[in-house]
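Here is a short briefing for a first look.

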Amino acid sequence: MPREAEPSLNERQFVLKALEENLRLDGRTFDKYRALALTFGDEYGVADVTLGRTRVLAKTSAEVTVPYADRPLDGIFTITTELSPMASPAFEINRPTETEILLSRLLEKTVRRSGAMDTESLCLVAGQKCWSVRVDVHVLSHDGNLTDAACFAVVAALRHFRKPDTSMEGGVLTVYTPAEREPVPLSWLHSPFCITWCFFGDEGQMALLDATWSEEQVRVGSCTISLNRHGEICQIAKLGGTPVEAVALLQCTNVALTKAKEFSTYLDKKLAEDAKRRDKDGLMAELSAENDR
Amino acid sequence: MATENPLVLPGDEIDPSLIPTHKTKPLRLGPGLRHVPPNQILPTLAGHLIADHRKNALYVEYNGGRYIPSPSDLVIGQVTRSAADLYYVNLTPYTPNASLPHLAFEGATKKTRPQLANGALVYARISLANRHMDPELECVSTSTGKSEGLGPLTGGMVFDISLGLARRLLMARSRDVGKVAVLELLGAEGLAFETAVGRNGKVWVNSESVKTVVVVGRALKETDEKELGVEQQKKLVQKLIKEMR
C-alpha cells in the first residue's frame, strides 16, 4: 500500500514557525474558514461541497426494505464514506485507512446518533416495510479538514433530498413516481455541523480552525465538536494527541457555535435558492401533497 | 504567414512556415512533438508551439501536471533515506526515488560528505534520466567541480507550483518571455528573500523574516492558480504588500 507523502523537514519547521508568529500560509487568521461553496445537483439529494481545495460529494438515495427485526418501527439510515485514490494515491479501494474509519464513525455519531433525522417516519408497515435512506460520501479532493466538509455535505444532501410519496390503502402499499405525486422531504429535526480544531505547539497552545492538509500533517492533536445552531452539542471527539486545557476547549466550543450558526444560515440560504430555482411557475405548492404542520 | 506561437492540439498539422530553417544545424524537436517518417511533424500535446530560430529547435510549451525527469533539469528533491553510498531522493510524491551519490557534492570525500537527514531538501541537477531507470542526481558540476548553487537547502519553505510556472520562472528572461514578474516586483518593494526553482514544480523560498516567505509563497500560488498576467501580478503584489504592512 502506498504511504502518504510526508512533508519535508523544512516544511514542518516553517509551518510551526509561522504559526508561532500568528501567520498561516494562506494568509487566513486562526479562526477563519476557507471559502465554502455548496452546489446541488439536478437530482434531489446530491450536494457538492468545496472548502478551499477540499471537495466532497454526497448523494442520498432511498429504497423500500424490511426493517431490522429488533426495531420494527424504525426505518434504516446509513452513511457510507469512500476515500478513493482520486483524492490521494495513499487511499485504496476496499481497504479503509484509519482516516476513513474515523471519518465515517464521526459522521455516524454526528448525524445518525444525534437523531437529526426522525427514523420512525421512515416506517411504512410496522415490522414489514420501511424506507432505507443511504448517504454515500465521496471525497473527490483532499486538502485537509475532511470531517467538516463531509458533515456539511451529508446534512445538505439529506435536507435537499425528497423521497417518493407513498400511500397505504387496504393493506396495499403504493409508491408513487415523481410524475404521479411530488416527492416529499425527509422529516428533519435539527442540523448538526462538525467544527474541527487542530492544535499546534508543544502543549497544544495554538488552536486552528479548518487546517489545510499541510497543517494537518504537523498538528499535535485535533478536536471535533458537533453542534447545531441552538448550541446543542451532539458529540466532542478528541482522539489522542496532546492534552489540551479545559478552558481552551471551552473557548473553542464558543467559537464553534458561531461557526455552526454561519453554516446553518448559509445552508438555509442555498436550500431556499435551490427551491426557488426548481419552483418554475410557482406550482410547487399545488403539487405537494404534504400537510402543513 | 501564420500567427506567432499558435495553439496546437495533438495530431494537428503544423504550418510549414513556422518550422525554423537553418543552413547548417539540424532541426531539433523538443517535448510534445514527434517526427513521423518520412517528413511529417505532429504535436503529441496541447499547448503553444514555439520555434527557436537560433537553435533551430521547435517545441510545444504546455502546462502539464506530471513531471518527467530529463537530463540537466534543476530540481528540488526530498531525501527519503540514505543507503551505503547514495541518498534516495524523492522528486515527486508517489513516484520511484532518484538516487544522489554521497560523493556528488562539492568537495565531498568519503569522510567529508554532507549528512542529510530524512526529509531534508536538496537542490540538484539531473545527471542521468532514462525512461526505464530511476533518475540520477548531482549537486556538483562535473566540469568545474564547483557546486554552482546546488546542494542542501536549509530553512525556508517549499511551495508547490505548476510545471508551466516553474519552467517560466527558470527562463533567462522570465519577465519578457515567461510573463512572470512577481518575484522581481516583490524584490523591488524591498523584500529580501532568496529562491530556488525546481523544474519538478517546486519553489524554495527563504528569508530572514517569516512574513516575507509567506507573502512570496502566496504571490506565487495566486499567480499560478489564477494565471495572472504581468499587470495583474503588479496589482497582486501591491495588495499583498499593503496587507503585510
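A:Tyr33, A:Phe152, A:Phe193, A:Phe263 and A:Tyr266 are joined by ring pairs into a cluster. The model is predicted.

**Aromatic pairs**

- Over all chains, a search of the whole structure finds 6 aromatic pairs.
- One of them joins A:Phe193 and A:Phe263 edge-to-face, with 5.7 Å centre to centre and 65 degrees between the planes.
- This pair links distant parts of the chain, 70 residues apart. A:Phe193 sits in strand E11 (residues 193-200) of chain A, and A:Phe263 in helix H5 (residues 246-278) of chain A.
- A:Phe193 counts as buried because its relative accessibility is 0%, under the 20% cut-off.
- A:Phe263 has 7% relative accessibility, so A:Phe263 counts as buried too.

- A:Glu245 lies in the loop between strand E14 (233-237) and H5 of chain A.
- A:Glu245 is exposed because its relative accessible area is 59%, over the 50% cut-off.

- In chain B, the loop between helix H1 (163-170) and helix H2 (182-188) holds B:Arg173.
- B:Arg173 has 53% relative accessibility, so B:Arg173 counts as exposed.

Technical notes
Residues are numbered from 1 along each chain as its sequence is written. Chains are lettered from A and ligands numbered from 1 in the order in which they are written. This is a predicted model: local features need pLDDT of at least 70, side-chain atom pairs count only at pLDDT 80 or more; totals for chains, interfaces and linings use all residues. Side-chain values use heavy atoms; hydrogens and water are left out. Helices (H or I, at least four residues) and strands (E, at least two) are DSSP runs, numbered from the N terminus. Buried means under 20% relative accessible area, exposed over 50%, partly exposed in between (1.4 Å probe, protein chains only). Rings of Phe, Tyr and Trp (its six-membered ring) pair if their centres lie within 6.5 Å; planes under 30 degrees apart count as stacked, over 60 as edge-to-face and the rest as tilted.
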